[in-house]
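Please read it with the structure at hand.

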Amino acid sequence: MSERALTIAIDGPAASGKGTLARRLAAHFGLPHLDTGLLYRATACALLDEGRPLDDIPAAVAAARGLALADFDEARLRTRELGEAASVVAAIPDVRAALIDLQRGFAARPEGAVLDGRDIGTVICPAAPVKIFVTASAETRAQRRALELAARGEKVDYASILADVRQRDERDSARSAAPLKIASDAVRLDTTDLDIEAAFEAARDIVLDKLTLAARSD
Ligand code: CDP
């Protein structure tokens with residue numbers, strides 16, 4: 001396995017903890033990390049900044065094509081408003097298509113990479129040697145998101161965050177373009193009852209198991 005790129009694909013629903021896990025795995029294995037949700041958030045942000053509606057397809061595609069990985073203002077992009085807006089533009093097939101090369105280019109680094117999103121294991125990196133699908137109950141995810149937004153200074157109300165999480169699950173799973181679904185060769189990791197450390201250890205062990213299996217088959 002040592003000569004093969006270690007591409008780790010992490011997918012899962014809103015606020016499942018996939019971003020934190022992806023960052024931790026990337027640091028642990030010494031790999032670059034791309035949070036692909038930021039691409040959809042940045043696309044939505046560009047439209048809102050131009051005063052355009054989120055269903056303006058040519059403008060959305062132009063915004064997606066104009067993204068550069070270095071430009072992200074994460075404090076701005078990680079707001080609740082942009083999470084919702086991102087899931088609207090992410091349902092536009094041409095927007096998704098406009099972002100494929102950027103993501104695959106990142107994933108093709110010789111040493112490998114960690115990417116997290118909704119369609120990494122199914123569409124962006126279907127040949128990734130390690131795929132993890134991170135889940136947690138909607139209630140747990142809403143609690144985590146409420147804490148995260150409160151820590152960023154946003155005013156939060158648990159009931160409406162839970163409603164957002166459910167609506168986003170529905171929109172991301174029901175869309176026809178690259179819907180959120182588990183890849184047939186992904187390992188499911190339910191983090192409902194796991195703290196960050198325990199979830200990281202479980203994810204790290206999934207990666208190590210895959211590496212051991214791949215080394216045996218070499
Ligand atoms: O952190 P959270 O899971 O709430 O959001 P995110 O990963 O930043 O993604 C925001 C939205 O972008 C999601 O609800 C998806 O609709 C969309 N997205 C996507 O469609 N495909 C990806 N690879 C990543 C995000």
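On a 1 Å grid over the protein atoms alone, a cavity is a set of points where a 1.4 Å probe fits but cannot get out, whereas a pocket is an open set. The model is predicted.

**Cavity and pockets**

| Space | Volume | Helix giving the most lining residues |
|---|---|---|
| Largest cavity | about 90 Å³ | helix 9, four residues |
| Largest pocket | about 830 Å³ | helix 8, six residues |
| Second largest pocket | about 150 Å³ | helix 2, four residues |

The lining of the largest cavity consists of A14, R41, R78, T79, R80, E84, R145, L149, I161, D164, V165 and R168. By class, four of these residues are nonpolar, one is polar and seven are charged. Helix 5 (80-89), helix 8 (138-151) and helix 9 (158-174) each contribute at least two residues to this lining.

The largest pocket has 39 lining residues, and those nearest its centre are A15, K18, G19, R145 and E148. R145 is also listed in the lining of the largest cavity. Several elements supply at least two residues each to the lining of the largest pocket: helix 1 (18-29), helix 2 (37-49), helix 5, strand 3 (112-117), helix 8, helix 9 and helix 10 (196-217). This lining divides into ten nonpolar, twelve polar and 17 charged residues.

Around the second largest pocket lie A42, C45, A46, D49, A63, G66, L67, D71, F72, D73, R76 and L77. Helix 2 and helix 4 (74-77) each supply at least two of the lining residues. Seven nonpolar, one polar and four charged residues make up the lining of the second largest pocket.

**Packing of helix 8 and helix 9**

Helix 8 and helix 9 each supply at least two residues to the lining of the largest cavity and to that of the largest pocket. How do the axes of helix 8 and helix 9 cross? They come within 9 Å and cross at roughly 120°. The two helices are therefore oblique to each other. The crossing in which helix 8 passes helix 9 is right-handed.

On the helix 8 side, the contact involves A138, E139, R141, A142, Q143, R145, A146 and L149. These meet Y158, I161, L162, V165, R166, R168 and D169 in helix 9. The contact residues divide into eight nonpolar, one polar and six charged.

Conventions. Residues numbered from 1 in each chain as written. Predicted model: local features only at pLDDT ≥ 70, side-chain atom pairs only at ≥ 80, totals over all residues. Heavy atoms only, no water. 1 Å grid on protein atoms, 1.4 Å probe; cavity = no way out; pocket = protein on both sides within 12 Å on 5 of 7 lines; lining within 4 Å. Points joined across faces, edges and corners; volume = space filled by probe spheres on them. Nonpolar A, V, L, I, M, F, W, Y, C, P; charged D, E, K, R; others polar. Axes fitted to C-alpha atoms, helices over the stretch in contact; angles between N-to-C directions. Parallel < 35°, antiparallel > 145°, perpendicular 65-115°, else oblique. Left-handed = near helix turned anticlockwise from the far one by under 90°. Contact = heavy atoms within 4.5 Å.
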